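Let's take a walk through this model, starting with a pair of helices and ending in the sheet.

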Amino acid sequence: MIYFDNAATYKNENQEVLDLFLTTNKKFFANANSSHRLGYLVNQEVEKARLSILKDLKLDNSYEVIFNSGATEGINHALKGYALRNKSRGNEIIAFKNEHPAVNETLLSLSKMGFKIIYIDPDKNGEFNYAQLKSAINNKTIMVVAMSVNNETGSVNNLDKIYAITKSYPKCVFFSDVTQSIGKIKVNYHILDMFTFSSHKFGGLIGSGALIKKKKILLAKLMDGGAQENNLRAGTVSAPLALTTSFALHKMIKNLDVNLKYVGKLKDCLIEGLKSNSEIIINSKHDFPYIVNFSLRSKKASVVIEALSNKEIYVSSLSACHAKSNVVSNVLLNIGLDKKLAENSIRVSFSETNTIDEVKTFLINLNQILNDIR
């Protein structure tokens with residue numbers, strides 16, 4: 001099996017994560033909010049996990065970690081929570097047009113509540129248009145939303161450039177979905193007011209993640225219930241998921257430079273092979289090595305993906321959140337591709353567990369399938 005769909009879910013070959021999950025379930029099974037000693041011990045472990053995450057991200061105690069089910073929940077909580085709690089400050093939100101569906105759908109919901117959403121176009125490389133932001137931001141802007149790395153093309157936004165613009169507007173907060181970049185490239189997290197991620201994108205477990213924000217930022221609660229997570233997220237915190245998130249993230253960040261260099265070699269090998277086939281147009285024009293997106297000029301991507309899957313070679317088209325909805329990629333349309341190329345794109349996404357031999361095998365099979373399809 002060759003698994004090249006790590007942008008959807010990182011292939012988890014870390015037995016230590018699974019062992020930690022099982023051990024924590026057995027040893028720290030009590031409710032962290034219980035008043036007895038066992039509950040206190042579990043709470044201590046969860047707090048250690050929070051501190052470990054902040055330390056790994058080079059953040060101080062002015063930030064807090066809210067454990068949750070993943071980036072979609074974190075996005076909803078951050079965007080809706082801030083907009084609803086702070087609507088007296090203004091009603092304008094500026095957002096990158098090529099965001100993940102979780103962001104776009106949340107913004108659509110806010111627009112129906114009366115908030116004005118101003119979208120920033122991507123440039124031809126898929127990167128945030130910083131000049132547009134300078135023109136659009138004003139004293140009514142309460143939030144700027146810009147992802148770190150695009151999940152379809154791997155285009156990288158310069159968050160420092162965005163921060164340099166937003167910092168002159170004290171009523172405006174800066175939020176980023178760092179799901180694809182965290183643990184893979186270096187990000188100055190201290191310039192962000194709020195950010196979120198899913199643990200299964202870096203070797204943690206599905207159904208876990210966190211929203212990290214400055215403590216001074218006030219959010220409306222999205223769920224009524226108990227006072228868990230500093231009265232921001234009702235429901236019993238999962239100590240096993242919190243601890244495995246912290247552990248997996250620590251390992252990824254510790255090996256970030258080594259992994260980045262290694263995966264870069266995989267990308268270079270793939271790009272070189274793709275360039276030799278005239279049927280293929282490469283859409284990823286950037287330095288993020290973990291994701292490579294390309295389109296087929298005349299063949300159907302869905303047919304190619306199925307044929308590869310039958311050979312146990314797994315790649316994807318679109319975001320996993322859109323893959324079953326038969327829609328054309330707006331991300332690719334927004335960077336200037338025509339509809340035919342946009343609907344026939346393929347995404348290859350790596351992890352450090354992939355190999356050069358796997359890339360070469362993929363290229364051989366891809367070329368063979370393309371030659372066989374009429």
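Start with helix H1 (residues 15–27) and helix H8 (residues 239–254), which pack at an angle of about 155° with their axes 9 Å apart. Helices here are DSSP runs of H or I with at least four residues, strands are runs of E with at least two, and both are numbered from the N terminus. Axes are lines fitted to C-alpha atoms, for helices over the stretch in contact, and angles run from 0 to 180 degrees between N-to-C directions. H1 and H8 are therefore roughly antiparallel to each other (the label for angles over 145 degrees).

Who touches whom? On the H1 side, the contact (heavy atoms within 4.5 Å) includes Val 17, Leu 20 and Phe 21, while H8 brings in residues including Leu 243, Phe 247 and Lys 251.

A word on the ground rules: this is a predicted model, so local features need pLDDT of at least 70 and side-chain atom pairs count only at pLDDT 80 or more, while totals for chains, interfaces and linings use all residues. Residues are numbered from 1 along each chain as its sequence is written, and side-chain values use heavy atoms, with hydrogens and water left out.

Now for the sheet: it's an open one of seven strands, ordered E2-E8-E7-E6-E5-E3-E4, with mixed pairing (two strands pair if DSSP finds at least two bridges between them). Strands E2 (63–68) and E4 (116–120) sit at the edges with a single partner strand each, so one side of each has no neighbour in the sheet. Elsewhere in the sheet, E5 (residues 141–145) and E6 (residues 173–177) run parallel, joined by three bridges. Look there for Val 145, which stands opposite Phe 175 in E6.

Methods: Angles under 35 degrees count as roughly parallel, over 145 as roughly antiparallel, 65 to 115 as roughly perpendicular and the rest as oblique.
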